[in-house]
Amino acid sequence: MSGPKDTRVSLMPIMRYTDCNKAVDMFTKVFGFTEGNSFRDDNGNVQHAELWFGNGGIMIGPVADTEFGKHMRQPRQAGGVTATVFAVVADPDAHFERSKAAGLEILDPIKNQDYGSREYSVRDPEGFIWTFGTYDAAGTK
């Protein structure tokens, strides 16, 4: 079996959004991601965006009836999500306040966990669930 290629980033979830422009704004202005390579159509609509968070990132694109897109369902189409994303942040309290101020649905308010993390969970406008906290799994090896 082959392992991961020796790169700075080994995993990048791919997600589809019905309004990618709004999603990029949420990721950058509320969640603290940095926009990397983005490709927009002639009307300025995001067709592909790479969004970076520390040494990890995600790729997003529009919901589309394409060969790849036909394998994906939005959380509301699926009746919920089958996976969530955890992101390590330095100041979860400030991060929580930004999400709250943006009007995002708070699923679990900011709190200390038994395993040492301070974190909260939020649902984004398209139904994806994100948890932001201090637990650094790689730092515990």
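Predicted model: local features only at pLDDT ≥ 70, side-chain atom pairs only at ≥ 80, totals over all residues.
1. Residues are numbered from 1 along each chain as its sequence is written, and side-chain values use heavy atoms, with hydrogens and water left out.

2. The second largest pocket is lined by 17 residues, and R73, V81, T82, A83 and F128 lie nearest its centre; a lining residue has an atom within 4 Å of a point. Strand 1 (14–17) and helix 2 (75–78) each supply at least two of the lining residues, and the largest share, three residues, comes from strand 1. Helices (H or I, at least four residues) and strands (E, at least two) are DSSP runs, numbered from the N terminus.

3. The largest pocket has a volume of about 560 Å³. Its lining comprises 20 residues, with F53, N55, G56, G57 and F86 nearest the centre. Strand 5 gives the largest share of this lining, four residues; strand 4 (56–62) and strand 5 (85–88) each supply at least two residues.

4. In helix 3 (residues 92–101), P92, H95, F96 and S99 are buried, that is, under 20% relative accessible area (1.4 Å probe, protein chains only). Seen down the axis of helix 3, these buried residues fall within an arc of 100°, so they line one face of the helix; the arc is that of the directions from the helix axis to the C-beta atoms. Just after helix 3, G103 takes a positive phi of about 80°.

5. The structure holds 14 aromatic pairs, meaning rings of Phe, Tyr and Trp (its six-membered ring) whose centres lie within 6.5 Å. F31 and W130 form a tilted pair, 5.7 Å centre to centre with 50° between the planes; planes under 30 degrees apart count as stacked, over 60 as edge-to-face and the rest as tilted. This pair links distant parts of the chain, with F31 in the loop between helix 1 and strand 2 (34–40) and W130 in strand 8, 99 residues apart. Both F31 and W130 are buried. The two residues belong to one aromatic cluster, whose members include F53, F96 and F128.

Technical notes
1 Å grid on protein atoms, 1.4 Å probe; cavity = no way out; pocket = protein on both sides within 12 Å on 5 of 7 lines; lining within 4 Å. Points joined across faces, edges and corners; volume = space filled by probe spheres on them. Buried < 20%, exposed > 50% of the residue type's maximum accessible area, 1.4 Å probe, protein only.
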